[in-house]
Amino acid sequence: MNSSSQQNDGFTEVDLGTKNNELMLNDESQKSPSIEVLNVTQSSEVKVGNSVVYHGPVTVQQIHLNGKEEKVTGENASRSIPLIDLQRYSSNKKIAFAISIAILFIMISFILSITLNKNGEDDPQVNLTYVEVYEWHGKTPEPNYTFPLELPATRVIIAHTVTEQCFNLETCSLQMRMIQNLHIGYDFGNIGYNFVIGGDGRVYVGRGWKLQGAHTKGWNKRSIGIAFIGDFTSTIPTKEALKEAKLLLDDGVEKKFLSSNYKLLGHRQVALFASPGDMLYKEIQSWSHWTANVYGES
């Protein structure tokens, strides 16, 4: 076993020999040697520190520990192990691990968020928002068709408009103007509904709380007509629209425009129409004030 130690350009260079296939450090003058250049030859396994192991046959020309890069030289340079900064390597591993954990956490949170949005979420948080006639650019109603409503109203009749659905202020306002023009053409003098609910979760004011509507013959004097924009034969209104309708009814009771024990009816229950569509009619049957007893006392 041969070994040597020498100073070379400010670096301590130590050559190691082998004994019984184990590397031996011959410089016993330092209990914790500081090695900056390490030359190992004719070894089948090399272990540096507690974790860096090279399985042979290998030739390690240099392992650089102080952060300064140096060129690998020697006859077997083509088979040499690259220079390694062990401290930097260990630090980079910790940083990479931390980043991986952070990315994994973000991905799990994102997946959970999507899952909750699709399954079993509570009704969305919606504030009651009235869009007045002037805001949806409606026409002024003709005076000869304006009659006061008997308050508090004892019935609420739910209908659908059998038009395209809408999901924002612009398109819902357009639908309101089209419905108003259609109803004026029917000689209603104005839009027939007291209120209309858009898919955007807004209440579009028609005749309001105080005036009779023209939505259900024989029932207009003592009822509030509410229509959902769209055709709900095979689909359901948006959660926002359904929530808004319930808030509207609560507001009517609170302001004494609706009787506290009002009856909720589908349009088909009091007129020869399929309105408010099969799906919406099924939905309102689960609401607290719905009744099959159309003519019973409130």
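1. In what order do the six strands of the open sheet lie? The order is S7-S10-S9-S11-S8-S12, with mixed pairing; two strands pair if DSSP finds at least two bridges between them. The edge strands, S7 (130-131) and S12 (258-266), each pair on one side only.

2. This is a predicted model, in which local features need pLDDT of at least 70, side-chain atom pairs count only at pLDDT 80 or more, and totals for chains, interfaces and linings use all residues. Residues are numbered from 1 along each chain as its sequence is written, and side-chain values use heavy atoms, leaving out hydrogens and water.

3. Within the sheet, S9 and S11 (residues 223-228) run parallel and are joined by three bridges. Ile197 has Phe228 of S11 as its bridge partner.

4. Helix H2 spans residues 169-185. Its buried residues (under 20% relative accessible area, 1.4 Å probe, protein chains only) are Cys172, Ser173, Gln175, Met176, Ile179, Gln180 and His183. These cover an arc of only 155° around the axis, by the directions from the axis to the C-beta atoms, and therefore lie on the same side of H2. Glu170 and Gly185, both exposed (over 50%), are on the face turned away from the buried side.

5. Strands S9 (195-197) and S10 (203-205) are among the elements covering the buried residues of H2. The helix lies across S7, S9 and S10, at about 35° to S10; angles run from 0 to 180 degrees between N-to-C directions.

6. At the start of H2, a side-chain oxygen of Asn168 comes within 3.2 Å of the backbone nitrogen of Glu170. After the helix comes Asp187, with a positive phi near 70°.

Key. Helix = DSSP H or I, 4+ residues; strand = E, 2+ residues; numbered from the N terminus. Expected span 1.5 Å × (residues − 1). Contact = heavy atoms within 4.5 Å. Polar contact = N/O pair within 3.5 Å; in protein donor to acceptor, adjacent residues only side chain to side chain.
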